[in-house]
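Hi everyone, thanks for making time for this. Let me put the structure up, and then I'll walk you through a few things in it.

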Amino acid sequence: MTTFHPSEVSLSLLFRRQSSSIGDPEQIHLEGQSAGAHIVHQLLHHAARQAPSKAPFVTAFLQSNAIVANPVDPAFKNDQFRQLCLALGVDANLPDVLDVLRDTSKVSTTRLIEAIQSMGASGIFRGVTGSDGWVRSDEMEYQHSGGLAEGLRSAGVKCVIMGDVLDEVSCSLR
């Protein structure tokens, strides 16, 4: 079985833009809010570290939950997942636990949001470091050193805009 990192799939689709007859392939703009902003963040880091290879996008807009902390290790994510399941009253050891969590008749969106909100600092979701090179433990240091900006400039990225949403939950439910 082959597995793909979501950012790898996203980037792969962008790289195949030349075969698309839709739009100008030199005018690809990324945008993401919340978890989407986090994925855009990962794509920015990947493009910067691949420089001077040309990035498959020219701008990025990240709204809420973007570029604020280093990713965590897999052990932290496993604990966080167990905490989420506990908050939802779902057994994290069920063989079909992901199917249960995806089933909105068993776990409503409202219930999921409330459970995450009840988790405090553990309700903040970040990328997980791994050996695949996509998510690295030194992301904040790379940004602070100027490496991210220089890499993006060298890769042809023209603009990155970041914003924040005061009440993300209310914003997404309206």
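Predicted model: local features only at pLDDT ≥ 70, side-chain atom pairs only at ≥ 80, totals over all residues.

Now, which residues of helix 3 are buried? They are Lys-77, Gln-80, Leu-84, Cys-85 and Leu-88. If you look down the axis of helix 3, those buried residues fall within an arc of 140°, and therefore they line one face of the helix. What do they pack against? Their partners are helix 4 (97-102) and helix 5 (109-118).

Let me move to another spot, Thr-59, which sits in strand 2, residues 59-63. Its side chain makes a polar contact of 2.4 Å with the side chain of His-29. Leaving aside residues up to four places away in sequence, Thr-59 touches Ile-28, His-29, Leu-30 and Cys-159.

Stepping back to the whole chain, we have eight helices and three strands. Reading from the N terminus, the order is α-β-α-β-α-α-α-α-α-β-α. There are 174 residues, and 37% of them count as buried. If you take contacts between residues at least 6 apart in sequence, 76% join residues at least 24 apart. Finally, the accessible surface is about 10500 Å², with 56% of that belonging to carbon and sulfur atoms.

Note on methods. Residues numbered from 1 in each chain as written. Heavy atoms only, no water. Buried < 20%, exposed > 50% of the residue type's maximum accessible area, 1.4 Å probe, protein only. Helix = DSSP H or I, 4+ residues; strand = E, 2+ residues; numbered from the N terminus. Arc of directions from axis to C-beta. Contact = heavy atoms within 4.5 Å. Polar contact = N/O pair within 3.5 Å; in protein donor to acceptor, adjacent residues only side chain to side chain. Areas by Shrake-Rupley, 256 points an atom, 1.4 Å probe, with all protein chains shown as cover.
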